[in-house]
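User: I am new to this structure and would like to know what stands behind the terms used for it. Please set each value against its cut-off as you answer.

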Amino acid sequence: MCYGYDGDRSLTESLAARGLGRRTLLRGAALGALGAGAAFAAAPTAAAHGGGHGPGRSLVPRDKISVQLYTLRSDLGGTAGYDATLRSLARIGYRKVEQAGYYGRTATELRRFHDSLGIRTTSSHEGISADDAALRTKLQNALILGQKYMNVPYLNSANAEDWYAWAERMNVEARAARRLGLRYGYHNHAHEFTIDLGRGRTPWDILTRELDPRYVHLEIDLYWTATAAFQLGERDLERFSLDVIRRAPQRVIQFHVKDRSGVNGDMVDLGTGVIDFPRIFRAHRVDEYIVENDTPDVTPLQSAEVGYDYLGA
């Protein structure tokens with residue numbers, strides 16, 4: 001899931017509509033591993049898949065590292081609490097976060113607290129606004145928080161007309177955002193690549209054709225593009241992700257960085273899965289590398305710390 005949206009279920013439903021199931025795909029994975037240099041075999045170490053970038057060498061500039069707060073949702077809304085969790089992120093080294101909900105606070109209250117920690121909300125995940133009044137509120141909150149980006153986190157439908165309508169509305173919102181100096185984007189899951197809308201179309205085809213590249217950017221989630229590649233029978237997960245990036249008319253200026261297990265395809269902490277992030281990062285640089293793990297391996301804070309250390313060691 002990402003900010004409360006079940007991307008895995010959406011993927012499963014889209015595959016079922018194509019007559020594919022998990023058992024079939026897992027059997028295909030076992031066969032693929034034999035002929036793909038163990039791309040789908042047991043998860044290697046970070047160094048094994050290119051992540052061992054060596055002590056003292058940052059994989060990406062530290063000032064471009066952020067964390068999606070959905071990763072820490074159980075702490076933020078639990079016994080640890082919002083304040084203590086954000087303080088821990090600051091101690092780890094984070095200076096940027098991507099907001100996912102306000103946890104009972106106003107944008108002004110969040111901004112005041114974040115400023116006291118030296119943390120900035122540079123981005124957010126928020127759905128398409130219900131009306132123009134809601135859009136104005138969303139944009140005003142983003143300005144108060146000091147954001148540069150805002151992203152639609154999830155859309156799902158097997159009806160092509162829904163995707164056309166959503167793209168049209170996102171273009172409207174993106175133009176309004178740009179007038180205020182904000183960048184407006186879309187964040188993918190896997191089902192945008194696997195839903196069959198008929199006549200060979202997928203939701204991704206419609207979005208990349210209809211979203212105005214002058215105003216809408218893409219926040220590519222590298223776990224989900226790798227998962228889509230795997231489910232579609234692609235052996236080179238990184239090439240599929242790079243093809244997605246290169247073929248889109250829209251600029252890709254943010255990454256969600258989360259790793260994928262080579263054993264069962266689950267999300268795992270950065271550097272412990274099979275995605276060759278250095279290969280992707282060498283080919284395409286972005287403004288923000290946002291650490292995320294919807295299902296932290298040990299604790300949410302440990303996932304955040306492992307992710308920061310992996311990218312910025």
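User: What is the bridge partner of Asn-151 in S5?

Analyst: In this predicted model, Asn-151 has Gly-185 as its bridge partner in S5.

User: What makes S4 and S5 a pair?

Analyst: Pairing requires at least two bridges between two strands. Strand S4 (residues 149-152) is joined to strand S5 (residues 183-187) by four bridges, so the two count as paired. They run parallel. Helix H7 (residues 160-179) belongs with them: S4, H7 and S5 make a right-handed β-α-β unit.

User: Which residues of S4 lie on each of its faces, and are they buried or exposed?

Analyst: Tyr-149 and Asn-151 are on one side, Met-150 and Val-152 on the other, and all of them are buried. Both faces of S4 are therefore covered, since buried stands for under 20% relative accessible area.

User: Why is S4 called an edge strand?

Analyst: The sheet has six strands in the order S1-S10-S7-S6-S5-S4, is open, and has parallel pairing. Strand S1 (65-67) and S4 are its edge strands, as each pairs on one side only. On average, neighbouring strands of this sheet are turned by 30° against each other, direction ignored.

User: How do you know that S7 and S10 pair?

Analyst: Strand S7 (residues 252-257) and strand S10 (residues 288-291) share four bridges in the parallel sense. The cut-off is at least two bridges, so S7 and S10 qualify. Within S10, Val-291 is the residue opposite Val-257. Helix H10 (residues 222-231) lies across S7 and strand S6 (216-221), at about 70° to S6.

User: Why is Phe-240 called buried?

Analyst: Its relative accessible area is 14%. The limit for buried is under 20%, so Phe-240 falls on the buried side. Phe-240 is found in helix H11 (residues 237-247).

User: What is Phe-240 in contact with, leaving aside its neighbours within four places in sequence?

Analyst: Its contacts are Phe-193, Thr-225, Ala-228, Ala-229, Leu-232 and Glu-234. Phe-230 is 10 residues away along the chain, with 9.3 Å between the C-alpha atoms of Phe-240 and Phe-230.

User: Which residues touch the most other members of the largest nonpolar core?

Analyst: They are Leu-89, Phe-255, Phe-281 and Leu-311, in a core of 80 residues. In soluble globular proteins, nonpolar side chains tend to be buried together.

User: What is Leu-89 in contact with, apart from neighbours within four places in sequence?

Analyst: Its contacts include Val-67, Leu-69, Leu-72 and Tyr-94, as well as Val-97, Ile-119, Leu-301 and Ala-304. Leu-89 is one of the buried residues of helix H4 (residues 82-92), along with Tyr-82, Thr-85, Leu-86, Ser-88, Ala-90 and Ile-92. The buried residues of H4 pack against S1, helix H3 (73-76), strand S2 (96-99), helix H5 (107-117) and helix H13 (300-312). After H4 comes Gly-93, with a positive phi near 130°.

User: How many helices and strands does the protein chain have?

Analyst: There are 13 helices and 10 strands. Of the chain's 313 residues, 54% count as buried.

Terms used. Residues numbered from 1 in each chain as written. Heavy atoms only, no water. Buried < 20%, exposed > 50% of the residue type's maximum accessible area, 1.4 Å probe, protein only. Right-handed = clockwise from strand over helix to strand, strands pointing away. Core = buried A, V, L, I, M, F, W, Y, C linked by side-chain atoms within 4.5 Å. Contact = heavy atoms within 4.5 Å. Axes fitted to C-alpha atoms, helices over the stretch in contact; angles between N-to-C directions.
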